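Here is a brief report on a protein model. It starts with strand pairing, then turns to contacts between domains and chains.

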Amino acid sequence: MPGRHGNYMKKIYIKEQYCIGCRLCEIHCQVKHSKSKKIIKAFKDEKEDIVSRVLVEEVGYNSFAIQCRHCSDAPCVEACISGAMVKNENTGVVTCDEEKCVGCWMCIMVCPYGVIKRDLPRGRVASKCDLCVDEDIPVCVKNCPNEALKFIDTSETDSKEEVEVESN
Amino acid sequence: MALKLAQSEFEIERDSQKCISCQVCVRQCSNDVHEYDSDEDIIYSDNDKCVGCHRCENLCPTGAIKIKEKEAEFKKNYNWTSSHLRNIYKQADSGGIILTGMGCDKPYPVYWDHILFNAAQVTNPSIDPLREPMEIKTFIGRKPDKLNMEISKDKNGNTKIKLKTKIPPQLELSTPIMFSAMSYGSISFNACMSLAAAASKFGTFYNTGEGGLHEDLYGFVNNTIVQVASGRFGVDKNYLNKAAAVEIKIGQGAKPGIGGHLPGEKVTRDVSRTRMIPKGTDALSPAPHHDIYSIEDLSQLIYALKEATDYKKPVGVKISAVHNVAPIASGIVRAGADFITIDGFRGGTGAAPLVIRDNVGIPIELALASVDRRLREEGIRHKVSIIVAGSIRSSSDVIKAIALGADAAYIGTAALVAMGCHLCQKCYTGKCNWGIATQDPYLTKRLNPEIGTRRLLNLLHSWSLEIKEMLGGAGINAIESLRGSREHLRGIDLSEKELAILGIKHAGEAW
């Protein structure tokens, strides 16, 4: 299987000073989570049905793209009544098992970042960033034209700047 | 609607089969060309507003947009070209001077493209720069007339040689390429930051232009050349000492004889602090330095700056390439300058009257050749380093310039292009979609200095490699050995007069 393996945690860091608000991250996230995985086909046929799991927040010229932070102590996992929301102990990635999700939206209520969305077109399931586990780099990071999103191994992060960004 | 005589210059082709209405183009265009119609889920584009910067085309995730130069706009006429007609229409509308940005785009001869470089065969072996030493380091600054050595013997009887001559201050360049003067104000802070960081990492220099030095760039002191221009923006003792060298700007290739005008909209809080002028006021650089009306006056300023910097930094003078450039250069050397920058008429600008940019000045190739010859004839060439600027487009232009007599080359436009500039020539509007020639915080973010620095470093690296390859091919192992060695150049498709001015033989003529 292509993609990332092993016992490490990589996180997406946000460099809001370089986010240009183009929303290419959202577009590529939608494509990634479409049936066809082909950009034109996905938008022509499934546009209404695919929810982006990364959100660009914008006020004036300030903008940044935010997706699930995969919290170490994830409140959504705690709040999930059906056991659909789980945190992988090895990779630290929080995912929602859409088969188990019953759509009670408790995860949405407790998410401190507001990055879980209702995916109504696909049934009553919670939609959130899965960190593109089958890709080397999440598509939002890969397609950001200004490197406003960075995918960094948390165990190797010693740069002060990046830690600051995280704490923001 | 009012009568509109001038038609749009560009045509936006949108392939509806490919367009997914994602609106990236809408969000990216600072000229409001694209508009999304939510009722129809369609994006409409207004050709009239397009400046041809290609930002939307580059960012479109499906390749649905093509920006095309509009053809057959007017009836074909070799005399009354569409640019003449369009300009007349514009001026009949506005009554004003037509402004433009970047360098002259008229089809004047480009002499670099009529000069061929030599290579070694049989009688002198070529050198492989990947396997053998190749030196492209060079020094900018006044060289002494002669070197005095003190030769003595130590107690063991070994000969000791000591250099007695005091060497004037020099800039050490790891490659004969520097970034030319582009002011903070005309370009964004992120662009300045990218230039400064790249120059510092590569071991070369960038030039602040006449807009002062932002305090966040003070750390790059060893790779900064500060400019003192007619507006004296941001100039004080601290500014002069936050640099490795000082350059007095007399003229700029794109607009010889013309001052500068940074519109008040671009004078943001940071720009105003850096330039030491009130926020929101127009920054006007007078056409002349009002204290320089002769070589003697220039000499006074050179020595005032040398005094202020304790004679520790080279002080140079930048002039545009004009008809009388050679005697002016001679005067500048005699006035005490350590380096002369000559900016050819194809050099870029953030804003200049079109009529000046396209009609005033001379090509850098001819100016360089005549200055170098004049200084040699007068026996003062060693007293000064010559830096050329004004549309150095490739490593081959650099190497040809050095063979024609330059010490180093300044690149401005090439550096901006490396950072994303598409030469739409609309710098003066302050709406640069690439985040370079703008102070709008929405647009300046578009240039991530990490990416800018990386791309500039790549450019310096690749040009340096190419220079080494070409030097090696010609059997030369040091850039200093090539300087002024015009036998390595041959002209092609040039007249006797042009060859005489360039001081080179025609292709086919042997030694």
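## A sheet in chain B

B:Leu116 stands opposite B:Arg490 in S22(B). S6(B) and strand S22 (residues 489-491) of chain B run antiparallel and share three bridges. Strands pair if DSSP finds at least two bridges between them. Helices (H or I, at least four residues) and strands (E, at least two) are DSSP runs, numbered from the N terminus.

The open sheet has three strands, ordered S6-S22-S23 (chain B), with mixed pairing. Strand S6 (115-117) and strand S23 (505-506) of chain B are at the edges with a single partner strand each, so one side of each has no neighbour in the sheet. Helix H11 (residues 395-404) of chain B packs on the sheet and touches S6 and S22 of chain B. The direction of H11 makes about 90 degrees with that of S6(B). Axes are lines fitted to C-alpha atoms, for helices over the stretch in contact; angles run from 0 to 180 degrees between N-to-C directions. Contact means C-beta atoms, placed from the backbone, within 7 Å.

## Basis of the model

The model is predicted: local features need pLDDT of at least 70, side-chain atom pairs count only at pLDDT 80 or more, and totals for chains, interfaces and linings use all residues. Residues are numbered from 1 along each chain as its sequence is written, while chains are lettered from A and ligands numbered from 1 in the order in which they are written.

## Domains of chain A

Chain A divides into domain 1 (1-67 + 132-168) and domain 2 (72-128). These bounds come from an automatic or database domain assignment. Their contact takes 10 residues from domain 1 of chain A and 12 residues from domain 2 of chain A.

## Chain A against chain B

Here 17 residues of chain A meet 16 residues of chain B.

Technical notes: Two residues are in contact if their C-beta atoms, placed from the backbone, lie within 7 Å.
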